[in-house]
Amino acid sequence: MTELAARWRVVPSGETCRLAELTGDDGLTGFMPPPLPDAVWVLHPMYEHEHGPSDRTYDDYHRARSANTGVSSWRFGDVDPTRVGTVIGGGLGRAEHPGPGWRRLRWEELARRVGDPPVPEGLLPSYRCFPSAKRQGSWPLGIVPPTEGSLDRQSWKRLIEILDQCSPAGADTRCLSYHSPLTLRTADYGSLHVRAGRLGDAEILYDFPEADFSPSNLWAEDCSWVVCTDYDLWATKVAGPAALIEALLSDTEIEAVRLPWAP
C-alpha cells in the first residue's frame, strides 16, 4: 500500500452528498461553494523570464515547429521554449516553478502593465483574462500563463499551511478530498472518487497517481471550510470563516482576491 493510500482511504461517493447540497452542484468540474460565511479566490501563478516577454508568441512557436523552420534557435533570454513546455493560453494540470531565470509575475503587476483588470467584472479567472497581454489570442514567449484546473505545487503547500493555522483542530482536522472525473487519467463518471484523511497529510494529495491535477475539492468534514479548483478556471475558491479568508488575503506567498460578483 502506498503512503497516500494508507493516509487517505477511499470512502463511498455518498460522502459528497453534503457538499452537493451545500453547493447545488453535480461536481463535474468541482463543487463550487458559496461563502461560509466568506470566500476568496486564490489566483494560480504566472511566471516571467528575467529578460521579459518576447515579440514572438507560443502560437508562432507551434507554427514554426510544425513547419520545421529552425525553432531550436528561438530563445527568450537564454532559455529555449521547449524547456518550459508549449503552452497556448494556459496549461492543464499540475505545475511547478519553471526554474532558474524565472520569477513570479503577479496578476496585479501584469494588470498595471497592460491596462486590463486582473479579472474583468462579471467573469471568473480564466483564459479570458488579460486580452491585452496576448497577440491574436496567444501569450508571448517569456511568460508562463496560469495553469487551468490545478493549483501549482507551491501554492497547494502554502494553502494547506494556512488551513492548518486557521482550523481549530489544526493538522488533525478531518478532511475529504475529491477529484473530478475530468481530472482522472481514466475517467469514471459512474462513481465519484473521494478519500478521507487528516489535513496534516494533505500535501501528499498533490501527487495523487491517478490524476495530473491537484484535488478538485478539499473540505473539512464539518464543511466549515471548502476549497474548490474548478477544471475550467485559473483560480481556486476558498470558502470559510472570516479569519481564514483574511489570512489568505494578507499572505505574501499566495495572491488572493475578492470578486464581488462571485462571492
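**Figure 1. The crossing of helices H5 and H6 is right-handed.** The view is taken from a predicted model. Helix H5 covers residues 153-166 and helix H6 covers residues 242-250. The two helices pack at an angle of about 145 degrees, and their axes lie 10 Å apart. On the H5 side, the residues that meet H6 are Leu 159, Ile 162, Leu 163 and Cys 166. On the H6 side, their partners are Ala 243, Leu 244, Ala 247 and Leu 248. Sorted by class, this contact has eight nonpolar residues, no polar residues and no charged residues. An α-helix has 3.6 residues a turn, so residues three or four places apart point the same way.

**Figure 2. Leu 248 is a buried residue of the predicted model, placed in helix H6.** Why does Leu 248 count as buried? Its relative accessibility is 0%, and the cut-off for buried is under 20%. Arg 158 is 90 residues away from Leu 248 along the chain, yet their C-alpha atoms are separated by 9.6 Å.

**Figure 3. Helix H3 spans residues 58-66 and has several buried residues.** Which residues of H3 are buried? They are Tyr 58, Asp 60, Tyr 61, His 62 and Ala 64. Strand S5, residues 143-144, is included in what covers them. At the start of H3, a side-chain oxygen of Thr 57 comes to within 3.3 Å of the backbone nitrogen of Asp 59. Just after the helix, Asn 68 takes a positive phi of about 55 degrees.

**Figure 4. Eight strands form an open sheet with antiparallel pairing.** The order of the strands is S1-S7-S6-S8-S9-S10-S2-S11. Which strands are at the edges? The edge strands are S1 (9-11) and S11 (256-257), and each of them pairs on one side only.

**Figure 5. Strand S6 lies between S7 and S8 in the order of the sheet.** Strand S6 consists of residues 174-179, and strand S8 of residues 217-220. S6 and S8 pair in the antiparallel sense over four bridges. With strand S7, residues 193-198, S6 is joined by six bridges, and these two strands also run antiparallel. Ser 177 can be followed to both sides: this residue stands opposite Arg 195 in S7 and opposite Leu 218 in S8. Cys 175 stands opposite Ala 220 in S8. How many of the six residues of S6 are buried? Five of them are, and the strand is mostly covered.

**Figure 6. Gly 240 lies in strand S10, which covers residues 235-240.** Gly 240 counts as buried because its relative accessibility is 0%, where the cut-off is under 20%. Apart from neighbours within four places in sequence, the residues in contact with Gly 240 are Leu 36, Pro 37, Asp 38, Ser 224, Trp 225 and Ile 245. Pro 33 is 207 residues away from Gly 240 in sequence, while the distance in space is 9.3 Å from C-alpha to C-alpha.

Conventions:
Residues are numbered from 1 along each chain as its sequence is written. This is a predicted model: local features need pLDDT of at least 70, side-chain atom pairs count only at pLDDT 80 or more; totals for chains, interfaces and linings use all residues. Side-chain values use heavy atoms; hydrogens and water are left out. Axes are lines fitted to C-alpha atoms, for helices over the stretch in contact, and angles run from 0 to 180 degrees between N-to-C directions. A crossing is left-handed if the near helix is turned anticlockwise from the far one by less than a right angle, and right-handed if clockwise. Contact means heavy atoms within 4.5 Å. Ala, Val, Leu, Ile, Met, Phe, Trp, Tyr, Cys and Pro count as nonpolar, Asp, Glu, Lys and Arg as charged, and the others, Gly among them, as polar. Buried means under 20% relative accessible area, exposed over 50%, partly exposed in between (1.4 Å probe, protein chains only). A polar contact is a pair of N or O atoms within 3.5 Å; within protein, one must be able to donate a hydrogen and the other to accept it, and residues adjacent in sequence count only if both atoms are side-chain atoms. Two strands pair if DSSP finds at least two bridges between them.
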